[in-house]
Each structure stands twice: as C-alpha cells, then as structure tokens.
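Please examine the chains of the assembly shown here. The report below describes selected helices, interfaces and loop residues.

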Amino acid sequence: MVPLSAYVAVSAVLFVTGLIGVLIRRNFIIVLMAIEIMLNAANVNLVAFSHYLESMTGQIVALFVIAIAAGEAAVGLAIIIVVFRGKISTNVDEINLLKW
Amino acid sequence: MVPVFFSYFSLVSILAGVLTVALPNPVHCGLALLTLLLHVAGLFLLLNAEFLFVIQIIVYAGAIVVLYLFVLMLLNLKTDERVLHHRYAVILVAAAAICGGLLLMALRSPFQGAKGHAPVEAVLQDGGSYAIGITIFNEYLLQFEIVGVFLLGAIIGAIVLAKTPTAVDVEPE
Amino acid sequence: MANEAVPLNYIPILLFMAIVVAFAVISLLIGSIARPSHPYPAKLTPYESGSPLFSDARVPFPMRYYIIAMLFVIFDIEFVFLFPWAVGFKQLGLLGLLEMGLFIGILLVGYWYAWKKGALEWE
C-alpha cells in the first residue's frame, strides 16, 4: 500500500527537474520539453489526489491539462520554427530583440 | 506487488526526467521524454486512472512527442556546443534546496481531506471513462467548451505562425 | 482504501510485454552468438538497396509535414473528449449531444480556417 505522500514526493521531484531544465538549458526545444515534464508532474499530483480522496475532479483536470499541453506544444513549436527561420538559432539567449 | 511497480515507475520516470534535462543531443532528450511519459502512464495505472493511462500513451507519447521529434528533424539541429547557462551551479543549489523543502513537507503531511463522491468500487462498476464522461458533461461543461475555444486558438495561431511561404521550406530533391 | 482491482487486470499485458522484450533480446543474442563476425568498413555501411549512400538520415523536413502533424495533435485532443462522451451517451442525452455539437462546431471553425489558408494542400 503506497501512501499518498510518496506520489506527492515523486511529483515534487519531477516538477523541480523540469524547472531546472527551463532555467539552465539554452536550447528552446529542450526548454519546451522541460515544461512538458512540469505538466506531467502536476498530472501525477492531480491523479494521486483524485484516487486517494475518491473524487473524479482530479482526473478531469488532468485531462484538461493534457489538452492544454497539446495546444502549447503546437504553438510553441510553431514559434520555434518562425524564430529559427529568422535567426538560424534556437538558443534562448540569442532571442533577445524584444528585451528592454 | 503495487509498491514494487510504484518504485520502478517513479525511479525510472525521475531518471528519465533528469536525462531529458541533462543530455546534450536534442534527439536523445526527446527519447528520454518519451520514456518519462510512458512511466508516468504506468503511475496513472497504479492509481486506477485507466482512461488517463490510455490517453497519456495515445496523445502524449503518440502525438506530442512525435511533434517534438518532427520539429527536431525539421530544423536539423546538431548538438549545441554550450548546452547550459553559465550560472547553472547557482540555480542547481537553489533548486536542490527548494526540492528538499518540498519533499520534507510532502513526507511529513498526512494529506487528509474531505472525501469526494466517487469511491473506487462505484467507479469500477461502470468503468472509469463512463465516470469521467458523466462528470465532465454534468459539472465541467463550461471548462470543456473553454478548452474547445483554446484549441481553436491553438490551430489558428500555429497556422498563422507556421504557414508563410518563405525560404526554409526546402523542396526535397 | 486503495482498491487495486485495475492494476491486477493489466497483468496479462505485463506478461505480454515481458515476452516481447524477452523474444527480441533472446533472438538478437542467439544471432550474435551463432553468426560469424568479420567486419570491414564497406560491410558496416548502411544498406540502401545496393546503391551508394547519398545523404545523412537527418535531412531537413519540408514545413508542411509540421502543419499536418500539428493538426493531427489538435484533432487527437478532440477524440480524447469524444470518447467519454460516447461511453456515457445514453445517460447524457440531448444536452450532451448539444454540448458536443458546440465543441465540434468550434473545432470545425479551426478546420475550415486551415482549409481556407491552404494548410491541407500538398501541391
């Protein structure tokens, strides 16, 4: 019998891994992948609470999160393609034209 | 039995997450992300979320990761020379501290709360997807339609961004 | 508290996966033991129907593949919501039908837009 806090701990570690990825990687595509890791960590958390508190709400919100992840991937990758056309680079440090 | 599978799925998913963040070659990162998603699907199965298990494999592992790999192929990226920010050590220390705090809180809290009205036996009687369908279309109608509008925005935005007739659209020989 | 009925139903799938992995590993292992091994550079090049190699496998894809893949992902999400609706169709009744009609209508606007912009053309 696995306690709920074990799932919460896994989710926390995954979330922090994704956060580190967003902060330290320079490649735009890898940054988006790290965001997917964070969304998955949130999903694990939602489904675990849904199971242990015997409510369907967590699973439904996780379903919405998956839908939003798909939209985010579609638009984010399109942005990467547009930026790559202009600069031939996916390095997030070089995409700084709009920086104040 | 379940604790064994839980340890396997959680350890492999954390390992795959670390590899996704740490590997230099973007294609390898994509494959590590795929491993992570499949093992998170295993965690969903252990939590009796059959429908999400299937959706995670079909949509996440089957479609979204393929989209990522498509873009990697499209842009033909080679390994970056400098993959990390120069100040990454500071971030790592801060992140380790935050993670330690979160773990401390997670492992000490009993996480008790009010029970909902979907006990496992009742859900299993009609199947998980039935329970999800009934709940979405009775209680979460507005959110569901908002997701529809969001997806419409995603389609239009992605087409506006990606559909411009210019140079990179190389013809195959 | 935690009913473990669902994971137990998946034990046949686990066995199936174990057999698949074992089959692949064992057949490759037997092959590597049984076959003679005398590699030289010409033999190690990838086989491309007998003709000489002309490019790397990592060629850049044309843009329209991305647009098709993106549309596939979005309409895959539509399927995700259609499935639980179809399972509970009898109980949801007319209201559920109207709601799903509205949802599909919203996404059809996006489909129509993609069609009008020529995103589905292959030329």
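Helix α1(B) contains 21 residues and extends 30 Å from its first C-alpha to its last, close to the 30 Å expected at 1.5 Å a residue. Here the expected span of a helix is 1.5 Å times one less than its number of residues, and helices (H or I, at least four residues) and strands (E, at least two) are DSSP runs numbered from the N terminus. This is a predicted model, in which local features need pLDDT of at least 70 and side-chain atom pairs count only at pLDDT 80 or more, while totals for chains, interfaces and linings use all residues. Residues are numbered from 1 along each chain as its sequence is written, and chains are lettered from A and ligands numbered from 1 in the order in which they are written.

The buried residues of α1(B) are F6(B), F9(B), S10(B), S13(B), A16(B), G17(B), T20(B) and V21(B). They lie on the same side of α1(B), because they cover an arc of only 135° around the axis; the arc is that of the directions from the helix axis to the C-beta atoms. A residue is buried if 20 or more other C-beta atoms lie within 10 Å of its own, exposed if 12 or fewer, and partly exposed in between, with C-beta atoms placed from the backbone. Against the buried residues of α1(B) pack α1 (4-24) and α2 (28-52) of chain A, together with α2 of chain B. On the face turned away from the buried side of α1(B) are the exposed residues V4(B), Y8(B) and L11(B).

The contact draws 74 residues from chain B and 60 residues from chain A; two residues are in contact if their C-beta atoms, placed from the backbone, lie within 7 Å. On the side of chain B that touches chain A, at least two residues each come from α1 (2-22), α2 (26-46), α3 (50-75), α4 (88-108), α6 (128-139) and α7 (141-162) of chain B. The helix that gives the most to this side is α3(B), with 11 residues. Chain A also meets chain C, with eight residues of chain A in contact with seven residues of chain C. Helix α3 (residues 57-87) of chain A provides the largest share of the side of chain A that touches chain C, namely six residues.

The table gives the composition of the two sides.

Chain C has five helices and zero strands, and buried residues make up 19% of its 123 residues. Helix α2 (residues 11-34) of chain C has 24 residues that should span 34 Å at 1.5 Å a residue, and its end C-alpha atoms are 34 Å apart, in agreement. None of the 24 residues of α2(C) is buried, so this helix lies largely in the open.

W85(C) lies in helix α4 (residues 63-87) of chain C and counts as buried, with 21 C-beta neighbours inside 10 Å. Leaving aside neighbours within four places in sequence, W85(C) is in contact with G133(B), F137(B), L92(C), G96(C) and M100(C).

Two loop residues remain. E54(A), in the loop between α2 and α3 of chain A, has a phi near 55°, a positive value in a residue other than glycine. N48(B), in the loop between α2 and α3 of chain B, has a positive phi near 65° and is likewise a residue other than glycine.
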